[in-house]
Amino acid sequence: MVQSNDSDRQPTPYLYRLAGPPTFYHDAVHQEFTLVPEEQNLLNMALVQLYVRRPDLVRYHDRQFQDEQVETVRSPEQQSIAADVEQVLAESQNDATSTPVADDIGDIGLQIQRPNFWKVKGTFTLRFTQNYFSENWYKGGDNSLTLLSSLLLEAKYDDQRRVTWENRLDMRLGFVSTPADTCHNYITNNDKLNLYSKLGVKAAKSWYYTASLEANTQFLPGYRVNDTKTWSKFCAPLDFYASVGMDFKPKLDNGNELSVALLPLSYKFRYIRADEPNIHKSYKMVDESFHQDFGAKVELNAKLKIVKDLVWKCRCYYFTSYKYTEAELENSVQYNLSRYIAAELFTLWRFDDNRSPDFYDDNLGFFQFKEYFTLGLTYNF
């Protein structure tokens, strides 16, 4: 039988509350909702559970023992810290204008920091491809230059209890230049300006009441090869969405994310500048610059870390006014070769049957598809 050495035991001044008669301690209830040492916090939890579940057992309260003194045995380190804390408390009580106790606690090696519920991050990418063929190249070919840049800014608020607020600014701009295009020196092959905000209030486990706002447009005029017509422009169109519904957002491990928002009440507003007749015609808005619709919307956002340095992202939205349908499915698979170099495979499916017959394809109908593969600089901050 092994005998323990009593000198190795560290006495605590808090456990006497469990050994004595059941007593209501005001400071235990107060400290349960503040930052206190872990050992004392567990004791407070036990006392609060007693007060809630068996109040009939509690026959005393701490005010009856205000004049009593509790003798405790402290180690030299505990005595030193206790003396400093008592001195700070005495000075703060005697001088109402003194520095708050939380500031003086730093002098005895303790720091109290307020939690930061905001997470802010950004990603910048710059990728390009260049091809050159001499005029007598035996297999033929055409010179080309492709440049793609993007900037993604995110700010997320999560108090870990009830409220979440997600904000995202997604900007992409890409150019391609080919000698075969006799009308333009370059044309945009990727142009996007998206601002998104979603507020959620917890309703049940993994479910949130949510409201979202979204605005979409582009930076520069959009053209087709060997065509002088303008098919898109800044604020032509400008689409704005406002939606209310429920959001399913479970907690996942390893940085994975999933959000499925069901938004039965959605409002869509579209604006096209008055000086773009071709764009008005392509969106069936010949005699109007403003158009609004009410309908329903579904949003899906997912992020999955497949293996180390390989990440799959998916974004999908579906909007219907019950007269037409507009939907997009965006997939991105990114592999980080190093801290600053990454490769990305990007695909985008789009469906919109609220367009002019010029956008109808005999094989795809109103479905549209875009894909690119890039390799280049990626910087996270």
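User: Under which definition does a charge sit over a ring?

Analyst: A charge sits over a ring if NZ of Lys or CZ of Arg is within 6 Å of the ring centre and within 35 degrees of the ring normal. This is a predicted model, in which local features need pLDDT of at least 70, side-chain atom pairs count only at pLDDT 80 or more, and totals for chains, interfaces and linings use all residues. Residues are numbered from 1 along each chain as its sequence is written, and side-chain values use heavy atoms, with hydrogens and water left out. Lys297 lies over the face of Tyr317, and its distance from the ring centre is 5.6 Å.

User: Over which ring does the charged end of Lys249 sit?

Analyst: The charged end of Lys249 is 5.0 Å from the centre of a ring. That ring belongs to Tyr208.

User: How many aromatic pairs does the structure hold, and what is the geometry of Phe175 and Tyr186?

Analyst: Rings of Phe, Tyr and Trp (its six-membered ring) pair if their centres lie within 6.5 Å; planes under 30 degrees apart count as stacked, over 60 as edge-to-face and the rest as tilted. The structure holds 19 aromatic pairs. In one of them, the centres of Phe175 and Tyr186 are 5.3 Å apart and the planes stand at 85°, so the geometry is edge-to-face.

User: Are Trp231 and Phe359 buried or exposed?

Analyst: The ring centres of Trp231 and Phe359 are 5.6 Å apart with planes at 90°, so this pair is edge-to-face. Buried means under 20% relative accessible area, exposed over 50%, and partly exposed in between (1.4 Å probe, protein chains only). Both Trp231 and Phe359 are buried.
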